[in-house]
Structure formats: structure tokens, C-alpha cells
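Subject: Structure handed over, with notes

Hello,

The structure is placed below, and the notes on it follow. Please read them with the model open.

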Amino acid sequence: MQSVTAIFDIGKTNKKFFLFDDDLKELSHDYKKFSLIKDDDGFECDDLDAITQWIRETIDNILTSSPYKLKAINFSTYGATLVHLGENGQPVTPLYNYLKPFPQHVQKIFFEKYGEEEHHLTTASPQLGMLNSGLQLYWLKNEKPRLFKNIRHTLHFPQYLSYLFTGEMVSEPTSIGCHTKLWNYSKNIYDNWVKAEGMEHLFPPTVPTTHTKKIMMKGVEVKVGVGIHDSSSALASYLLHTKDPFILVSTGTWSVTLNPFTKDELTIEELKRDCLSFLDINGNPVKASRLFLGNELDNNLNLLNEYFKKDKFYYKTIELSDDFLSELGAGTLNDTFFPMGIDNATLLEDVFPGRGKWDITVYKTFEEGYHHLIWGLVQLQVAAIKLVEGSTPIKCIYIDGGFIDNEIFIKLLEFYLPEHTLEVSQMPLGSAYGAALIMK
């Protein structure tokens, strides 16, 4: 019987499941989309019960009716998401969406109490509202005190999925370190405010990302991983395979650019441009920049499709126009693109000085508008790469994730980054593969 490792890669849009053999070759996969539900304020959020049920049923099917022997399970999930457990170890709140608006008055009180710019530098994260997942606890304490009193334990999303099988409550570096505002990067401990607010006891002990626990499931011994933040998991795939310096651009709904090789400290100006630090699998800081790039592409494709009466996937048939590339090289293009879903005013002014709303009516064809859309996204991506490059030049840039099949995006990146070697990963399983590799 062939032994396998099961990986659940829970993205914001798609929930994915992979089976890998002992050589980490993919044997099978399953992609799921779940309907969103409403939280206690009426804001859309993921259905934790439905996701949990799917994960349990998938594992049960492997154990009872598959030709494989289950050897290991691990989890990779999107960050900025906490699961709050009550006395009985069950969730007592919805799985709050990190896109949910964070009350300005709560944010104001927090920064008046604990400082703002200094706090951003100490915790290596700009002000991101609910994306600062640690502040979700502060919000609950101040806005929903009755609900907050029911919380006995708080787990990051990957560690909650692991807990479903092991019953072991733990914290883990990559989840703690992803713009949570929980971690003091200079002292390498939880930040002072966590203790001052009486919340340190909610977080269980921290274990290494490689931590596993063996459990018995239907008579089979299975090794269960502790889970990992998805961007850090994608990075781990490369860190464990190469010693040469590189930058990784992990694309998808979010495009996250990671440089684990620079020692340059974050500055206030970089933080204003959505630059921050993550923790890698060894607990070391990684300089990173973020763009809501996939979301931006989807929103603008919907506009183009509606205006030009095109099919949802028509854009996939379009190749890079030689005329467009010639005009770009000659500097004669007149661009009107301006993003809708990226609210980083400082970065936008750097890339698109003085520009406003995108007017798609100036384009004669879908193809023309699409080229300008991708051109705009590439300019943003190049700026994000430059942000993390640091004072020591790095030649190699790996690109993985959803954008690797977009020929126009890749070729325009090559145009703007001639001094770099761009390597497009043929392994679009980045974060899932990383989670499996860690189990070895």
C-alpha cells in the first residue's frame, strides 16, 4: 500500500486538498469553494463548520476507502485569522473576515494608548485593520465584552485545523509573525500590549513549525503537522532547496513579495508603502511587501467583460501584442489604468502620480484594455519588488502562484526587470508543497 501525505491548503478563494507520495509528487487533488456565511454583525465570512466537515470527511475517506496508507497530514492557510475557543474547546465566535472594516474609534484608542509609528516599527507591520489579527482580540474586548469573556484560548487558523486532529493547542512562528501586531521583532517576544491587556494567557505555547504529533486514526498511526501560514509555506519550499539568495513573488488573491536575505531594517517610509516583516519557519524576520493583486485583476476583468461583452475567461486567449511592447519600449504609451481595490495612497502616488479613476471607455477593444490593465498591475508589482530588494542586490526572482500562467504579466515583468533573472515556478502548489516538505 502506497503511503501518502495529505495537505489542506486553505486559501481565501479556493480550499484545496492534495495527496503527495513519499517523493512529494502530487497523486491527486481536490478544489472546493464554499458559500460564505454572515458573522454576528452581518459581514461575510468563511463557514468554519463547513470547512471542518469537509476536512474530516476527506481524511475519513482516505482511511476507509482509498488505495493509500495515510502517513501524515499538514495544513497551510491564509493568515490574519484567529479561532477563539471557549471552555469546552469549541469556537465561540465566527471566523471573522480580515476584510471586515475595523472601527476607527477602536483603532484610535489603541494607538493613543500604545503609540503609533513606534508600534508599527516594533511589530514590523503597518496599520492594516482586521489584517492585524492580534488587534481583532482588542476589538472584541472593547466592542463585544460579553463574547470576549467566553474566550479561553485563541489559535491561529492553521493551528486550529491541526488541533481538530491532535487536540493539542499550540502557537507557531509563521502565524504569529504575519502582520498580527502581536510580535515584538526587536525583543523576539509578544509585544508589551498583549500582556498589558491581559491576553497573553489566551495564546498557547509556541512550538517550531516542524512540530508534529503522532495519533492513531482507525488503527493507523498518522503524523499531524502543526500547520503553517501560506506565504511562509511557499517560501519554505525555496529556502529548503537552495542556498543562493533570491526574492520570491508568491502570487494569487494577494501577491506577497518576500526577501529572506536582506538584513536592512524596516523604515517608516517602507511601512507606509505596505512593506512589513514575516517570520520564516526558523523564526527569522523576512522583509515582505503585499499587493491585493489577484483581487484587483478580478475586479477589473469584470468591468472589461461587461463593457466589451466578453466571456469570463476570454482574457486567457490573449497574447502579448508586439505593437504594445514596441510602444512601451519607445515610451509612447498613454496609460489610464488606476487600481480600485488597492488603497495604499503612498505607493499609488509613487507608481501613478496624479492619476485618478480608470476610464475603460477610451479603449477600442478588450485586448487593448486588457494590455493596459496588466501593464498597470506589473508596474505595481515591480514597485513592490523594489521595496524589499534592500541594499544588497539579488539577481534571482522566483515567481509562483496564480499569475505564472499569465504570459503578458510575466513578459512585462521581464521588460521592467532586465537586471534580474526571473524563474517561473512550474510547481503551482507552492504553499501546499511547502507544508508537505516540512513534514519530511
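Helices (H or I, at least four residues) and strands (E, at least two) are taken as DSSP runs and numbered from the N terminus. This is a predicted model, in which local features need pLDDT of at least 70 and side-chain atom pairs count only at pLDDT 80 or more, while totals for chains, interfaces and linings use all residues. Residues are numbered from 1 along each chain as its sequence is written, and side-chain values use heavy atoms, with hydrogens and water left out.

Ser-162 lies in helix α6, residues 157-166. Ser-162 has a relative accessibility of 4% and therefore counts as buried (buried is under 20% relative accessible area, exposed over 50%, partly exposed in between, with a 1.4 Å probe and protein chains only). Leaving aside residues up to four places away in sequence, Ser-162 touches Phe-75, Val-224, Gly-225 and Val-226; contact means heavy atoms within 4.5 Å.

Helix α1 (residues 48-65) packs against α6 at an angle of about 50 degrees, with the axes 11 Å apart. Axes are lines fitted to C-alpha atoms, for helices over the stretch in contact, and angles run from 0 to 180 degrees between N-to-C directions. α1 is therefore oblique to α6 (under 35 degrees is roughly parallel, over 145 roughly antiparallel, 65 to 115 roughly perpendicular, the rest oblique). From α1, Leu-48, Thr-52, Ile-55, Arg-56 and Ile-59 meet Phe-157, Tyr-160, Leu-161, Leu-164 and Phe-165 of α6.

Cores and helix α14

The largest nonpolar core has 110 residues, and Ile-73, Phe-165 and Tyr-370 have the most contacts inside it. Such a core is a set of buried Ala, Val, Leu, Ile, Met, Phe, Trp, Tyr and Cys residues joined through side-chain atoms within 4.5 Å. α14 gives the most to this core, with 14 residues. Apart from it lies another core of 21 residues, among them Leu-82, Phe-102, Ile-151 and Leu-182.

Of the 24 residues in α14, 21 are buried. Just after α14, Gly-390 takes a positive phi of about 80 degrees.

Most residues other than glycine have a negative phi. Ala-80, not a glycine, has a positive phi of about 60 degrees. Ala-80 sits in the loop between β6 (68-77) and β7 (82-85) and is buried, with a relative accessible area of 2%. Lys-181 is likewise not a glycine and has a positive phi of about 65 degrees. The loop between α7 (173-176) and β9 (183-184) holds Lys-181, which counts as buried at 1% relative accessibility.

Helices α9 and α16

The axes of α9 (residues 230-239) and α16 (residues 430-439) come within 7 Å and cross at roughly 70 degrees. That makes α9 roughly perpendicular to α16. α9 passes α16 in a left-handed crossing. Residues in this contact include Asp-230, Ser-233 and Ala-234 of α9 and Gly-430, Ser-431 and Tyr-433 of α16.

Regards

Conventions:
A crossing is left-handed if the near helix is turned anticlockwise from the far one by less than a right angle, and right-handed if clockwise.
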